[in-house]
Amino acid sequence: MSDSRVPLTIALAAYSHAYELRSGAVGLAGIRPSFVEEGAADADVHELPLADYVAGRADGDVTVTALPVFLSRGFVHSWIYVGSGHVSAPEPDRTVAIYVRGLLQERGEDASVVIAPPRCGCAGLRPRFERAGEVEREYYAQTGVFPIFRVVVVRTELLDRYRWLASNLYRAFEVARRRYFARLEDIRGSRVPIPSVADHLMALRQSLGYDVWPYGLEPNRATLEAFVRYATEQALISGPADVSDLFARVEPFVDVTDGV
Amino acid sequence: MSKPPRFTFAISSYDHVNDVVDGRIPIENAEPLFIRLPIPEMFRRFVIARDWDVSEMSFVQYGTLRAAGERGIVGIPVFPSRLYRQSAIFVRADRITAPEDLRGGRIGIVGWANSAGVWARGALSDMHGIAAADVTWYQGGVERPGRAEVIGPRYVPDDVKIVRVTDRGIEEMLWTGDLDGIIVPSPPASVEASISSGGLIRLLYEDFPAAERAYRDQTGCVPIMHVVALDRALFEQDPDIARRLYEALERARVEYFASLAQRCPTLVPIPWVDEHIESMRAALGNEVWPYGVEANRPTLETYLRYLRDQGLVDGGFGVDDLFPEWQAVTDER
């Protein structure tokens with residue numbers, strides 16, 4: 001039997017919110033996926049740190065194009081430490097560092113801080129913010145910025161060849177994401193081992209809106225524009241870019257069960 | 001090493017279990033074939049027909065059967081599903097405005113030995129002093145009438161009144177006013193719609209997060225809904241399989257919590273989940289979702305107290321009678 005689906009190699013970390021894509025529970029229309037080792041940069045679909053992608057694009061590298069799918073993101077005030085004496089911390093993540101320096105400079109605060117993962121237990125460091133979560137929620141309420149760490153990219157040549165490919169990939173990620181969040185509220189069984197996780201999700205929706213972890217360009221515009229602004233100020237790129245130009249154009253996903 | 005046993009293992013999809021099902025975390029010296037079907041069907045077919053060698057099953061049914069002398073199933077203290085059931089109680093707003101109003105009332109249930117129901121009734125008793133005998137219980141199907149219990153109650157105290165309903169669903173009886181409330185593991189569509197539109201049928205606890213928190217703080221429990229059990233034939237053939245199964249599932253659980261702590265890439269997309277877990281540690285201890293007997297002793301004692309109060313087990317059955325085979329093949333006492 002012939003299979004005319006487009007073969008695609010996909011390299012992703014073991015994200016819970018993309019699990020149903022890997023398991024095959026969420027189908028990829030027109031695509032025959034093979035999932036390969038995380039970090040395989042030659043895979044047709046893989047992830048890049050947002051800083052690397054934005055810098056590459058600014059340098060004219062268009063071999064890959066991002067989808068507005070943001071698997072990895074997080075608030076960064078909890079990454080900020082101040083050092084005393086001898087400090088041993090891992091090399092800071094470049095994307096996180098751009099957000100941290102950008103938002104501190106924006107507030108006119110001293111940006112000579114140490115950046116390390118939250119609760120890193122690094123010697124000689126103490127958190128810059130005692131109650132980082134509260135500061136992060138306040139920051140989001142004021143700015144609408146929910147820092148994005150990585151983007152999913154596709155080889156541009158494939159997107160040029162198959163005009164439906166970007167939207168089909170996007171919708172599959174979106175469906176997997178929605179199903180993940182529905183699992184957190186599943187009352188037939190606890191799909192994650194976190195007591196009262198549905199209560200926590202309700203609280204998250206108070207802070208972040210119904211879609212607590214949105215994909216798509218528009219719901220993420222404030223974040224992406226902040227990142228590009230910070231990257232420009234910090235000379236990662238030379239001039240402000242229109243964030244729309246960074247992403248493949250995708251049809252928004254419409255859930256027909258929503259009664260549209 | 002002996003030849004690895006081949007066996008079937010029926011279990012639902014859980015983020016803390018799927019690495020075992022997908023083979024990323026192997027079960028040492030074993031050749032499992034995983035089966036995934038809707039939960040009620042998987043459970044019923046294991047309990048009644050023993051269609052699989054290893055199965056997730058209702059924890060209330062497990063305890064009830066073991067206490068009644070059933071030795072054909074051998075449990076391991078792995079608890080894939082745990083849920084507070086404060087949000088499983090639905091009431092008529094014209095009659096019930098506070099939990100205490102349920103005293104003397106009529107409540108529909110899907111089965112006396114239903115895990116959600118046992119924990120919900122236990123919580124009504126612990127938090128509001130409403131004992132099983134203070135309510136008349138109507139057991140039946142939710143939408144479709146005549147649902148029979150997979151296993152029925154055995155020692156129901158004389159003063160507990162359970163009425164079997166065969167001609168109507170308990171959902172209909174709630175709307176017509178023949179019931180004041182229902183306790184169901186998942187609400188039917190009409191109840192769901194009523195809750196979201198502020199209609200006649202409401203949650204008993206409109207602020208169920210607060211009710212769950214109060215219950216957690218008072219009891220230190222995370223109610224256990226499901227357990228993993230083996231058909232005794234497999235256990236007899238290879239008793240150590242109980243240990244190997246436990247270890248693979250425990251490793252998947254531990255790795256889940258490691259992935260939860262990872263901040264880039266964010267393998268689990270739940271912002272501020274560390275604050276949420278931290279907020280429960282005063283009540284639950286450092287491990288908020290442990291497997292094993294010792295780490296769950298307070299929850300298991302509460303569970304057996306509820307089973308005794310509700311007539312599902314008799315007085316002589318204790319925590320160490322739940323998993324004696326597993327305790328014997330591991331070092332846990």
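Asn29(B) is placed in the loop between α1 (18–21) and β2 (31–35) of chain B, where helices (H or I, at least four residues) and strands (E, at least two) are DSSP runs, numbered from the N terminus. The structure is a predicted model, in which local features need pLDDT of at least 70 and side-chain atom pairs count only at pLDDT 80 or more, whereas totals for chains, interfaces and linings use all residues. Residues are numbered from 1 along each chain as its sequence is written, while chains are lettered from A and ligands numbered from 1 in the order in which they are written.

Most residues other than glycine have a negative phi, and most peptide bonds are trans. In Asn29(B), a residue other than glycine, phi is positive, near 45 degrees. Asn29(B) is partly exposed, with 14 other C-beta atoms within 10 Å; a residue is called buried if 20 or more other C-beta atoms lie within 10 Å of its own, exposed if 12 or fewer, and partly exposed in between, with C-beta atoms placed from the backbone. In chain A, Ala235(A) has a positive phi of about 65 degrees, although it is not a glycine, and is found in the segment after α8 (221–233) of chain A. Ala235(A) is exposed, with 7 other C-beta atoms within 10 Å. A cis peptide bond, with omega near 0 degrees, leads from Cys264(B) to Pro265(B), and Pro265(B) lies in the loop between α9 and α10 of chain B.

Chain A contains an open sheet of three strands in the order β6-β5-β7, with antiparallel pairing; two strands are taken to pair if DSSP finds at least two bridges between them. Its edge strands are β6 (114–115) and β7 (125–127) of chain A, each of which pairs on one side only. Strand β5 (residues 80–83) of chain A is joined to β6(A) by two bridges, and these strands run antiparallel. Within β6(A), Val114(A) is the bridge partner of Tyr81(A).

Chain B is divided into domain 1 (6–82 + 223–329) and domain 2 (86–219), with bounds that come from an automatic or database domain assignment. The centres of the two domains of chain B, taken over C-alpha atoms, are separated by 26 Å. Their contact takes 23 residues from domain 1 of chain B and 21 residues from domain 2 of chain B, two residues being in contact if their C-beta atoms, placed from the backbone, lie within 7 Å. On the side of domain 1 of chain B that touches domain 2 of chain B, α3(B) gives the most, with five residues. The residues of that side divide into 14 nonpolar, six polar and three charged; Ala, Val, Leu, Ile, Met, Phe, Trp, Tyr, Cys and Pro count as nonpolar, Asp, Glu, Lys and Arg as charged, and the others, Gly among them, as polar.

Helix α4 (residues 115–128) and helix α11 (residues 297–309) of chain B pack at an angle of about 90 degrees, with their axes 10 Å apart. The contact is made by Val118(B), Trp119(B), Gly122(B) and Ser125(B) of α4(B) and by Tyr306(B), Leu307(B) and Asp309(B) of α11(B). Axes are lines fitted to C-alpha atoms, for helices over the stretch in contact, and angles run from 0 to 180 degrees between N-to-C directions.

The contact between the chains takes 35 residues from chain B and 33 residues from chain A. To the side of chain B that touches chain A, α10(B) gives the most, with five residues.
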